[in-house]
2 protein chains.
Amino acid sequence: MAAPQRKLDVVVDSVRRLLRVGATANLLNLLQKQHPADLAEVLKGLQDRERHATFALLIERNGKLAMEALSELDPENGAALLADRSAEDIARFVQELPSDDAAAIIDYLPEELSTSVLELMRRKESENVENLLEYPERTAGRIMNPNVFALDEDLTVGEAITELQAARDVEMVFYLYAVDQRRHLIGVSSLRRLLLVSPETPLKRIMTTDIVSARVDTDQEEVARLVASYNLLAIPVVDESNKLVGVITVDDVIDVIKDEATEDIYRLAGVTRDERVFTPPGESLRMRLPWLAVNLGTAFLAASVVGLFEGTIAQVTALAVFMPIVAGMGGNAATQTLTVVVRGLALGELSWANAKKAVVKEVLVGLGNGLAIGLLAAVVAWIFKGSPMIGLLLGAAMLINLFVAATAGTLIPLGLKAMKLDPALGSSVFITTCTDVAGFASFLGLATIFLRYLQR
Amino acid sequence: MAAPQRKLDVVVDSVRRLLRVGATANLLNLLQKQHPADLAEVLKGLQDRERHATFALLIERNGKLAMEALSELDPENGAALLADRSAEDIARFVQELPSDDAAAIIDYLPEELSTSVLELMRRKESENVENLLEYPERTAGRIMNPNVFALDEDLTVGEAITELQAARDVEMVFYLYAVDQRRHLIGVSSLRRLLLVSPETPLKRIMTTDIVSARVDTDQEEVARLVASYNLLAIPVVDESNKLVGVITVDDVIDVIKDEATEDIYRLAGVTRDERVFTPPGESLRMRLPWLAVNLGTAFLAASVVGLFEGTIAQVTALAVFMPIVAGMGGNAATQTLTVVVRGLALGELSWANAKKAVVKEVLVGLGNGLAIGLLAAVVAWIFKGSPMIGLLLGAAMLINLFVAATAGTLIPLGLKAMKLDPALGSSVFITTCTDVAGFASFLGLATIFLRYLQR
């Protein structure tokens with residue numbers, strides 16, 4: 001039975017208890033009852049020291065299960081668990097993994113260690129891994145499994161089934177790819193179709209030649225889009241001359257989709273895509289600081305707008321009290337708009353052809369929200385300060401600010417997309433700068449114009 | 001060949017041109033050359049009027065292709081394309097779709113129309129759809145396909161293959177589920193395993209009885225987690241008494257994963273999960289306004305903190321100029337922390353057992369960033385205003401603010417998780433309130449204490 005999340009939490013607690021009392025035999029027994037994928041979840045749920053101790057026990061006593069669990073972990077965590085073992089050990093274990101999993105883990109080992117590991121692995125396996133690592137990150141070549149099951153196009157269905165029966169070490173086969181003698185990809189057939197015809201039928205007769213494939217240099221995001229929109233279980237990967245060099249299965253595509261979603265969420269918040277919860281503090285600092293420094297620059301820009309009206313504030317200090325409201329509401333409205341637009345672009349719902357409609361919609365929503373929130377703010381400010389005039393100014397500034405938020409929140413990501421840049425890069429920071437500047441300029445500018453009505 | 005995104009843009013342009021000049025025959029010809037999934041992408045890329053015109057043409061001339069494209073669209077868009085046709089037409093077309101796709105589309109039709117459509121559909125199909133719609137949204141029961149291929153557990157492999165050959169209308173079969181006479185789920189075998197044994201082998205001998213399954217009431221997010229972590233191509237769905245009632249395939253799981261990512265991104269920005277780029281303005285307004293109103297409340301809270309120090313600002317108005325910097329930097333640092341923590345929780349990398357480590361890390365990063373940014377801000381403020389004292393205050397406030405940002409950004413989502421609430425609900429707004437209050441209080445509080453050094 002599948003273990004629901006709650007059950008895994010119980011296993012994590014048991015593992016921790018057994019570790020504490022040193023009940024090694026019981027612990028091993030418990031671990032061996034778990035599915036490798038569950039074991040990976042359990043390992044993730046432990047503290048560093050516990051995780052290393054558990055994994056060390058498992059790899060000594062049941063290397064196969066340990067490596068199966070390892071390949072279910074993300075490669076960064078997997079590499080961390082192996083890093084304190086000898087190169088001989090690592091080579092021995094890693095060469096049993098599928099080449100794509102092995103490559104991902106070796107890539108995260110410290111450089112010297114990874115070189116020794118590759119030298120100590122079986123020749124064929126290390127060559128496979130080195131080939132994969134030559135492709136740029138985030139391309140089909142880097143994430144494919146080179147161990148692809150391909151058949152000679154001239155076989156019959158019966159011969160194909162015989163070959164399939166012999167090929168026991170190939171990962172999940174759902175499609176049979178047919179190649180010519182120089183390994184050019186010619187056709188594809190599903191496993192099920194083999195069962196529907198007599199064994200003498202030539203493979204050529206039942207295969208489709210209209211193949212959805214990726215090239216080694218195809219971006220992994222495009223690979224994911226292809227697999228998702230054509231509802232594929234696997235996609236063949238070919239080189240520049242259309243030779244079949246690998247396959248990417250849907251389970252790897254799911255990882256890509258999660259990665260790309262993480263990247264989008266991160267970009268909107270100004271976080272580098274390589275950061276994870278447990279990235280060491282020093283590294284996180286180095287990753288986040290440049291972004292905060294950029295923000296400091298934009299914040300000084302907003303401050304200098306306020307600086308222009310220092311004289312007005314000196315006469316009516318109550319204005320300073322309402323400044324956080326102007327800035328905060330503009331920022332929030334802009335973030336809402338930006339998020340909807342960026343996600344719409346990522347999901348392919350928004351394009352150039354229908355961009356105008358989105359801009360009009362957001363501006364209408366911005367004006368509507370501006371009116372409602374402006375009115376509410378005006379009333380509250382009036383009650384708060386007893387001055388209807390300052391409430392009126394706040395309401396008017398809010399209306400302008402939410403209009404700017406809607407316009408900037410739509411046009412900036414669309415513009416970035418048109419320049420072939422990632423729309424999520426136009427993170428909330430740039431748009432918040434627009435709303436801060438517009439908000440302070442309109443609120444304090446209006447206050448300066450109507451200064452005599454504010455002074456009592 | 002698969003159409004890369006660029007090629008689809010060209011098709012969209014051609015469709016628009018052919019529509020403009022009224023070249024119906026050429027347009028139909030172009031549309032019929034597309035894969036249904038590509039056609040869905042093309043439809044999404046058109047403006048409303050163009051999309052309706054194109055779909056109307058297609059459904060008149062090639063109903064099958066039109067419906068295939070429709071089931072590749074998200075159900076909301078699909079329903080919109082059908083909504084202006086007669087109930088008879090809709091019933092006729094929709095009953096050809098897999099029941100899960102049909103249910104999703106019918107669910108988005110206006111209530112009266114959907115009732116008539118269900119009455120006009122073939123009995124068996126409408127029953128299937130009505131059964132699905134009875135399960136709550138976002139559960140396995142709602143998204144499963146009830147048309148699942150199941151075999152009597154007592155068959156031989158040869159008999160199973162014969163049944164498979166006869167069952168031509170079943171969607172992608174990869175696993176064969178074996179059931180007893182009362183349709184209880186007993187075992188599973190992969191298609192490939194059938195090929196590895198002789199036809200006389202009893203199915204029971206090769207099937208696994210250790211089945212990963214979902215119950216009709218399992219949350220769709222849990223379904224996605226199971227399929228992703230066990231690398232499944234499909235998961236069987238059973239009712240309370242373990243009877244097999246449906247199957248969810250990996251392509252539907254990919255949609256769920258995308259949906260859940262959208263929900264996380266949206267929640268962080270305070271956007272309702274049902275909103276899309278083209279949600280009508282009135283509806284968007286209604287969805288976003290409550291959130292903005294909550295924000296207005298928190299903004300007034302920050303404003304009232306500033307209000308406490310109005311006397312200080314009256315004496316040193318330059319303080320008001322630097323307020324946007326204090327608020328802005330705290331908000332940005334908090335958003336970075338919050339995003340990393342929320343995503344870590346969503347991906348299962350962060351749990352209670354290792355939460356302490358995450359808190360310590362974020363606090364260290366917050367202090368480090370606070371020192372660096374505080375120093376930088378102090379120097380810039382000194383140059384900007386010629387006063388070393390105000391720079392010093394700004395730097396100190398920044399250090400405190402970034403420390404608060406790190407603490408709140410980690411503890412609030414962890415606390416929500418502990419209370420079984422969605423951590424993403426602790427959106428940046430609540431945390432920004434913390435940083436605003438802490439930032440203004442420390443900056444203006446320190447200024448009040450050291451007031452005599454600020455006045456010259």
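At what angle do the axes of helix α16 of chain A and helix α16 of chain B cross? In this predicted model, the axes of the two helices, each spanning residues 250–269 of its chain, come within 10 Å and cross at roughly 10°. Because angles under 35 degrees count as roughly parallel, α16(A) and α16(B) are roughly parallel to each other, and α16(A) passes α16(B) in a right-handed crossing.

The contact is formed by V250(A), I254(A), I257(A), K258(A), A261(A), D264(A), I265(A) and L268(A) of α16(A), which meet V250(B), I254(B), I257(B), K258(B), A261(B), D264(B), I265(B) and L268(B) of α16(B). By class, the residues of this contact comprise twelve nonpolar, no polar and four charged.

In chain A, the loop between α16 and α17 (281–308) holds R276(A), a residue that is buried, with a relative accessible area of 17%. Apart from neighbours within four places in sequence, R276(A) is in contact with E76(A), D259(A), T262(A) and Y266(A), as well as with V340(B), E349(B) and K361(B). Between R276(A) and A160(A), by comparison, the separation is 116 residues in sequence and 45 Å in space, taken from C-alpha to C-alpha.

Technical notes
Residues are numbered from 1 along each chain as its sequence is written. Chains are lettered from A and ligands numbered from 1 in the order in which they are written. This is a predicted model: local features need pLDDT of at least 70, side-chain atom pairs count only at pLDDT 80 or more; totals for chains, interfaces and linings use all residues. Side-chain values use heavy atoms; hydrogens and water are left out. Axes are lines fitted to C-alpha atoms, for helices over the stretch in contact, and angles run from 0 to 180 degrees between N-to-C directions. Helices (H or I, at least four residues) and strands (E, at least two) are DSSP runs, numbered from the N terminus. Angles under 35 degrees count as roughly parallel, over 145 as roughly antiparallel, 65 to 115 as roughly perpendicular and the rest as oblique. A crossing is left-handed if the near helix is turned anticlockwise from the far one by less than a right angle, and right-handed if clockwise. Contact means heavy atoms within 4.5 Å. Ala, Val, Leu, Ile, Met, Phe, Trp, Tyr, Cys and Pro count as nonpolar, Asp, Glu, Lys and Arg as charged, and the others, Gly among them, as polar. Buried means under 20% relative accessible area, exposed over 50%, partly exposed in between (1.4 Å probe, protein chains only).
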